[in-house]
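Good morning, everyone. Please look at the sequence and the model on the screen. I will go from the whole chain down to single residues.

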Amino acid sequence: MEAAVRRKLVAANWKMNGSSAANAQWVAAWRAVKAPCEVAVCAPFVYLPQVGAGLAGTSAELGAQNLSEQAPGAFTGEVAGEMLLEVGCRWVIVGHSERRAMYGENSELVAKKAARAVALGLKPIVCVGETLAERDAGRTLEVVGTQLAAVLSLCPVEQLASGALAYEPVWAIGTGRTATPAQAQEVHAAIRAQLARADTQAAQRARILYGGSVKPGNAGELFAQPDIDGGLIGGASLAAAEFAAICAAAT
Ligand code: PGA
């Protein structure tokens, strides 16, 4: 199979962190950074206009952390993809494990959200990953495969490849416990093989990010794996310098 050239992508997931003052500091520091990769900064909804304005003229694109599966209408507390586009978002995280575990997002809803994003031209970062109990039971590939299959039932690989997938083992998120490069590569390769069964060429183009306790010290080794095309960075994205150091590892 012909080797695809996939430009690395590093995305910041600020989660429910930030403040007007902290965001202003972050973007001011970021403006001096020359990242060798594509970059997305996924900020909380209310700060999107502020962060978007701060990132203007840099190579980083704005992203959100969630969207509604619905078109605008009577859905109290929800945010539509149209609104994200209007405030300048190009990216949106979909199906993060924190939303699956704490906000009841099942694979069917995650698939609808991904489909809504791509229908609007927003680039989704669709997250999949197993819990520690599932890994210990030897069910990692089955769990990740089932999560991915739900998304593929509504979104062709071609459309998913406009955004990215993110493999985030739940046991590695915010725990300081990273998957080894070999553990991550095994799952990334399985994800790409599953994509390839649906669309060989689009599977070669699709970027698969690793997320879970990525730090400047382990990013290079992870990003060097053949099927790891960048990262989704939580805690270490909150300081611009640390995030920039991770981006620097994505050459
Ligand atoms: P972490 O989070 O880098 O803090 O582990 C990653 C994520 O949840 O996207």
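Start with the overall build. The protein has twelve helices and eight strands. Helices (H or I, at least four residues) and strands (E, at least two) are DSSP runs, numbered from the N terminus. The radius of gyration is 17 Å, close to the 18 Å that the globule rule gives for 251 residues, so the protein is as compact as a globular protein of that length. That radius is taken over C-alpha atoms, and the rule is 2.2 Å times the number of residues to the power 0.38.

A word on where this comes from. This is a predicted model, where local features need pLDDT of at least 70, side-chain atom pairs count only at pLDDT 80 or more, and totals for chains, interfaces and linings use all residues. Residues are numbered from 1 along each chain as its sequence is written, and side-chain values use heavy atoms, with hydrogens and water left out.

Back to the whole protein. Its C-alpha atoms fill a box of roughly 45 × 45 × 35 Å, taken along the principal axes. Of the 251 residues, 51% count as buried. Buried means under 20% relative accessible area, exposed means over 50%, and partly exposed is in between, with a 1.4 Å probe and protein chains only.

Now contacts, meaning heavy atoms within 4.5 Å. Take contacts between residues at least 6 apart in sequence: 73% of them join residues at least 24 apart.

Next, the inside. Nonpolar side chains tend to be buried together in soluble globular proteins. A nonpolar core here is a set of buried Ala, Val, Leu, Ile, Met, Phe, Trp, Tyr and Cys residues joined through side-chain atoms within 4.5 Å. Which residues touch the most other members of the largest core? Trp30 and Ile191 do, in a core of 64 residues. Helix α12 (residues 240–248) gives this core its largest share, five residues. Leaving aside neighbours within four places in sequence, Ile191 is in contact with Val128, Val144, Leu148, Leu165, Tyr167 and Ile208. There is also a second, separate core of twelve residues, and Trp91 is one of them.

Follow Trp91. It sits in strand β4 (residues 89–94). Trp91 is buried, with a relative accessible area of 0%. Trp91 and Ile228 are 137 residues apart along the chain, and their C-alpha atoms are separated by 19 Å.

Move to Glu105, in the loop between α4 (97–102) and α5. Is Glu105 buried or exposed? Glu105 counts as buried, at 4% relative accessibility. Not counting residues up to four places away in sequence, Glu105 touches Asn66, Gly95, Arg99, Arg100, Val110 and Lys113.

Helix α5 (residues 107–120) holds Ala115. At 21% relative accessibility, Ala115 counts as partly exposed. It touches Leu154 and Cys155, not counting residues up to four places away in sequence.

Last, two backbone angles. Most residues other than glycine have a negative phi. Lys15 has phi near 55 degrees, a positive value. Lys15 lies in the loop between β1 (9–13) and α1 (20–30). Ser213 has a positive phi too, about 60 degrees. Its place is the loop between β7 (207–211) and α11 (216–223). Ser213 counts as buried, at 10% relative accessibility.

Thank you. Questions, please.
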